[in-house]
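Please look through the sequence and the model shown here before reading on.

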Amino acid sequence: MSTTSRVLVVDDSDHMRILILRLLKQRGFEHVETAVNGKVGLEKARANRPDLVFLDAVMPEMGGLEVLREIKKESPGTVVVVMSSISAREEILQFKEAGADHYLLKPFETEKFDEALKKIIETLDSHKKE
């Protein structure tokens, strides 16, 4: 699979950023940027208008929920995947209500990432057709 979609990975964990970057590159995503926290992520999202954002829920500087709301307000067509180790129903609902397209529970196995990626690509494709 090769895609020209612009992707932004926002996570304060070096390990997670590198892991997701590597997984996306291996799966044909050529244009992937990273950001170390929500504030930097929002700045990069505003500057580069990514098609897809992988967004950590809990970060210093600016939390994932605040970043998500800003991205969706400014660019509603951007597909946002929220990643979190918190599986509380209330939190997931908060992110969904704020516009998250997908929720990926951390830590994840590669197979789970690939399953989620198939759904994410379907969402990306449907957004591009609109």
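## Salt bridges around R46

R46 has a relative accessible area of 40% and is therefore partly exposed, a class between buried (under 20%) and exposed (over 50%), computed with a 1.4 Å probe on protein chains only. The side chain of R46 meets that of E70 in a salt bridge, with 3.2 Å from N to O; the term denotes a side-chain nitrogen of Lys or Arg within 4 Å of a carboxyl oxygen of Asp or Glu. R46 belongs to helix α2 and E70 to helix α3 (residues 64-74), so that this pair links parts of the chain 24 residues apart. Through shared partners, salt bridges join R46, E70, K73 and E74 into one network.

The model is predicted: local features need pLDDT of at least 70 and side-chain atom pairs pLDDT 80 or more, while totals for chains, interfaces and linings use all residues. Residues are numbered from 1 along each chain as its sequence is written, and side-chain values use heavy atoms, with hydrogens and water left out. Helices (H or I, at least four residues) and strands (E, at least two) are DSSP runs, numbered from the N terminus.

## Other salt bridges

The structure holds ten salt bridges. In one of them, the side chains of D51 and R6 meet at 3.8 Å, N to O. D51 lies in the loop between α2 (38-48) and β3 (52-56) and R6 in strand β1 (residues 3-10), so the pair ties together parts 45 residues apart in sequence. R6 counts as partly exposed, at 36% relative accessibility.

A further salt bridge joins D114 and R27, whose closest N and O atoms are 2.4 Å apart. This pair also links distant parts of the chain, 87 residues apart: D114 is in helix α5, and R27 is in the loop between α1 (14-26) and β2 (29-35). D114 is partly exposed, with a relative accessible area of 26%, whereas R27, at 15%, is buried.

## Strand pairing

Strands count as paired if DSSP finds at least two bridges between them. β1 and β2 are joined in the parallel sense over six bridges, and L8 has E33 in β2 as its bridge partner. Together with α1, these two strands make a right-handed β-α-β unit. A crossover has this hand if, with the strands pointing away from the viewer, the path from the first strand over the helix to the second runs clockwise.

β1 also runs parallel to β3, to which four bridges join it; here V10 stands opposite L55. β3 in turn runs parallel to strand β4 (residues 79-84), with five bridges between them. In β4, V82 is the bridge partner of L55. The chain passes from β3 through α3 to β4 in a right-handed β-α-β crossover.

## The covered strand β3

How many of the residues of β3 are buried? Five of its five residues are, and the strand is described as mostly covered. In a regular strand the side chains alternate between the two faces of the sheet. Both faces of β3 are covered, with L52, F54 and D56 buried on one side and V53 and L55 buried on the other.

## Cavity and pocket

Rolling a probe the size of a water molecule over the atoms shows where empty space is left. On a 1 Å grid over the protein atoms alone, a cavity is a set of points where a 1.4 Å probe fits but cannot get out, and a pocket is an open set with protein on both sides within 12 Å along at least five of seven lines; lining residues have an atom within 4 Å of a point. Grid points are joined across faces, edges and corners, and a volume is the space filled by probe spheres set on the points.

The search of the whole structure finds one cavity of 30 Å³ or more. The largest cavity has a volume of about 50 Å³, and its lining consists of L42, A45, R46, R49, P50, I71, E74, S75 and T78. α2 and α3 are the elements that give two or more residues to this lining, and α2 gives the most, with three residues.

The largest pocket holds about 180 Å³ of space. H102, Y103, L104, L105, F108, K112, E115, A116 and K119 line this pocket. The elements that give two or more residues to its lining are β5 (102-105) and α5 (110-129). By class, the lining has five nonpolar residues, one polar and three charged; Ala, Val, Leu, Ile, Met, Phe, Trp, Tyr, Cys and Pro count as nonpolar, Asp, Glu, Lys and Arg as charged, and the others, Gly among them, as polar.
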